[in-house]
Amino acid sequence: MQSGRPHRIKALLLLLTVAALPLRGQDKVQLISAKSAQLIEKDGENFRKVVGPAKFFHNNTYLLCDTALWNVSTNIIDAMGHVRIIQDQTTLTSETLQYVVDEDMARFRGNLVQLEDKDNNTLRTRYL
């Protein structure tokens, strides 16, 4: 076993732990900036369609994306295109994200989902 390997494994386990932590504290999602935002109705449900670059803030965490559909009744945000979540010095990136606000749960999907911490420890997968 290489001398740096145990440290790297511990760092990746820490990254996974941080990614799995529930985001608690602030109740409301804030839309900080976007190119445009509009209220639309689809199949009898109200959505906020946000075209970006868009930047949201919730529970000391930033969510950035190209486009988001925010279901007002279910409080679920479907983010698409260059999706990033930044919390402290940890960044998660992918092409799509479903964020269930009331459960503080983010589901990342894409050809490459990447988790990177401040020390540049990186985890790559297809979903997280």
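**Cavity, fold and backbone**

Modeller: The structure holds one cavity of 30 Å³ or more. A cavity here is a set of points on a 1 Å grid over the protein atoms alone, where a 1.4 Å probe fits but cannot get out. This is a predicted model: local features need pLDDT of at least 70, side-chain atom pairs count only at pLDDT 80 or more, and totals for chains, interfaces and linings use all residues. Residues are numbered from 1 along each chain as its sequence is written, and side-chain values use heavy atoms, with hydrogens and water left out.

Colleague: What volume does the largest cavity have?

Modeller: Grid points are joined across faces, edges and corners, and a volume is the space filled by probe spheres set on the points. For the largest cavity, that gives about 80 Å³.

Colleague: Which residues are closest to the centre of the largest cavity?

Modeller: Lining residues have an atom within 4 Å of a point. The largest cavity has 10 of them, and the closest to its centre are H58, T61, Y62, L63 and Y99.

Colleague: How do the residues of that lining divide into nonpolar, polar and charged?

Modeller: Ala, Val, Leu, Ile, Met, Phe, Trp, Tyr, Cys and Pro count as nonpolar, Asp, Glu, Lys and Arg as charged, and the others, Gly among them, as polar. The lining of the largest cavity comes out as eight nonpolar, two polar and no charged.

Colleague: Which strands each supply at least two residues of the lining?

Modeller: Helices (H or I, at least four residues) and strands (E, at least two) are DSSP runs, numbered from the N terminus. The protein has one helix and eight strands. Those that each give the lining at least two residues are β3 and β4 (61-71).

Colleague: Where does the cis peptide bond sit?

Modeller: P53 belongs to strand β3 (residues 45-58). Omega is about 25 degrees at the cis bond, which joins G52 and P53.

Colleague: Is H82 buried or exposed?

Modeller: H82 lies in strand β5 (residues 76-87). Its phi is positive, about 50 degrees, although H82 is not a glycine. Buried means under 20% relative accessible area, exposed over 50%, partly exposed in between (1.4 Å probe, protein chains only). At a relative accessible area of 55%, H82 is exposed.

Colleague: What is the relative accessible area of N120?

Modeller: N120 sits in the loop between β7 (105-116) and β8 (122-127). Phi of N120 is near 65 degrees, a positive value in a residue other than glycine. N120 is exposed, with a relative accessible area of 52%.

Conventions. On a 1 Å grid over the protein atoms alone, a cavity is a set of points where a 1.4 Å probe fits but cannot get out, and a pocket is an open set with protein on both sides within 12 Å along at least five of seven lines; lining residues have an atom within 4 Å of a point.
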